[in-house]
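Student: Could you walk me through this model? I'd like to take it piece by piece and ask as we go.

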Amino acid sequence: MKSYEKLLLANKAWSQEKQAADPGFFEQLALGQKPEFLWIGCSDSRVPAEIIVNAKPGEIFIHRNIANQMIATDFNCLSVLQYAVDVLQIKHIIVCGHYNCGGIKAALSKQSPSLVITNKWLMHLKHIYRLYKNEIDALPTEEERVNRLVELNIIEQAQILAHTSIVQAAWHRHERPMIHGWVYGLSDGLLNSLITLHPDTEIDPLYQYDFQTEAAL
Ligand code: CO
């Protein structure tokens, strides 16, 4: 049997198992979704969002990309964020990175001439590295430097989320969502929290939207 055929077979077994355990499971899900969480994670196959938090279909709205980045000019990220916040009215955004991330490692290396497109995605990580260069370079091993940038990137992405008009408008009008930055350990399967931003978090004025002025206009 081909590897992809195994997937189709596994799907059939999974569907039957779910039906047997809960006869209305799919009919109920087909009616609509009301997830409480938006997950922005790394594409790495070892960090499957629902599996590591034992979530069921319908519980988490998911966006994954290389090194769990929220890029303010990327319509893919932004569309997911806008739909999750404004339509699904999610209560929490979780940015989840992981130690030993290949994207972070690549960002700390020279640009690969064969990956001209990927380099551009990694460029944002190089900018974050430059902000914390002194702290990162002081660490003795490559592993520690990579893992520190993994953490700083998660914190940075949580803040970038708070800088978007979508999140600031939702904080101003609905006092949600909370933003969480979590890091996952590939070697122990555990999540740890690095940052939590509440809807009343003071945002750097440089990134603030001025809703008072907007209302007066
Ligand atoms: Co990764």
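This is a predicted model: local features need pLDDT of at least 70, side-chain atom pairs count only at pLDDT 80 or more; totals for chains, interfaces and linings use all residues.

Student: Okay, then which residues does N119 touch, leaving out residues up to four places away in sequence?

Tutor: With those sequence neighbours set aside, N119 touches Q111 and S112. N119 itself sits in helix α6, which spans residues 116–131.

Student: Is N119 buried or exposed?

Tutor: N119 is buried, because its relative accessible area is 9% and the cut-off for buried is under 20%.

Student: Let's switch to the metal. What are the protein donors of the cobalt ion?

Tutor: The cobalt ion has C42 through SG, H98 through NE2 and C101 through SG as its protein donors, and these lie 2.1 to 2.3 Å from the ion. Along the sequence, the donor residues follow the spacing C-x55-H-x2-C. The two cysteines link distant parts of the chain, since C42 belongs to strand β1 (residues 37–42) whereas C101 falls in the loop between β3 (92–98) and α5 (102–107), 59 residues away.

Student: And are C42 and C101 buried or exposed?

Tutor: Both C42 and C101 are buried.

Student: You mentioned β3. How many of its residues are buried?

Tutor: Seven of the seven residues of β3 are buried, so this strand is largely enclosed by the rest of the structure. In a regular strand the side chains alternate between the two faces of the sheet. In β3 both faces are covered, with H92, I94, C96 and H98 buried on one side and I93, V95 and G97 buried on the other.

Student: Which strands is β3 joined to by bridges?

Tutor: β3 runs parallel to β1, and five bridges join the two; G41, for instance, has C96 in β3 as its bridge partner. β3 also runs parallel to strand β4 (residues 178–184), here with seven bridges, and one of the pairings is that of G97 with V183 in β4.

Student: Moving to the helices, how do α4 and α9 pack?

Tutor: Two packed helices are described by the angle between their axes and the distance between the axes. For helix α4 (residues 75–87) and helix α9 (residues 165–174), the angle is about 10° and the axes are 9 Å apart. That angle makes α4 roughly parallel to α9, and α4 passes α9 in a left-handed crossing.

Student: Which residues meet there?

Tutor: On the α4 side they are L78, L81, Q82, V85 and D86, which meet I166, V167 and A170 in α9.

Student: What about α8 against α9?

Tutor: α8 and α9 pack at an angle of about 70°, and their axes are 5 Å apart. With that angle, α8 is roughly perpendicular to α9. Here L161, A162 and H163 in α8 meet S165, V167, Q168 and W171 in α9. V167 meets residues of α8 as well as residues of α4.

Student: Last topic, the backbone. Which peptide bond is cis?

Tutor: The bond from R176 to P177 is cis, with omega near -5°, and P177 lies in the loop between α9 and β4. Most residues other than glycine have a negative phi, and most peptide bonds are trans.

Student: So where do we find a positive phi?

Tutor: E175 has a phi near 55° and is found in the loop between α9 and β4, where it is exposed with a relative accessible area of 66%. N54 likewise has a phi near 55°, a positive value in a residue other than glycine. N54 is placed in the loop between α3 (49–52) and β2 (60–65), and it counts as exposed at 70% relative accessibility.

Methods. Residues are numbered from 1 along each chain as its sequence is written. Side-chain values use heavy atoms; hydrogens and water are left out. Donors are N, O and S atoms within 2.8 Å of the metal (3.2 Å for Na, K and Ca); water is not among the atoms, so sites may look incomplete. Helices (H or I, at least four residues) and strands (E, at least two) are DSSP runs, numbered from the N terminus. Buried means under 20% relative accessible area, exposed over 50%, partly exposed in between (1.4 Å probe, protein chains only). Two strands pair if DSSP finds at least two bridges between them. Axes are lines fitted to C-alpha atoms, for helices over the stretch in contact, and angles run from 0 to 180 degrees between N-to-C directions. Angles under 35 degrees count as roughly parallel, over 145 as roughly antiparallel, 65 to 115 as roughly perpendicular and the rest as oblique. A crossing is left-handed if the near helix is turned anticlockwise from the far one by less than a right angle, and right-handed if clockwise. Contact means heavy atoms within 4.5 Å.
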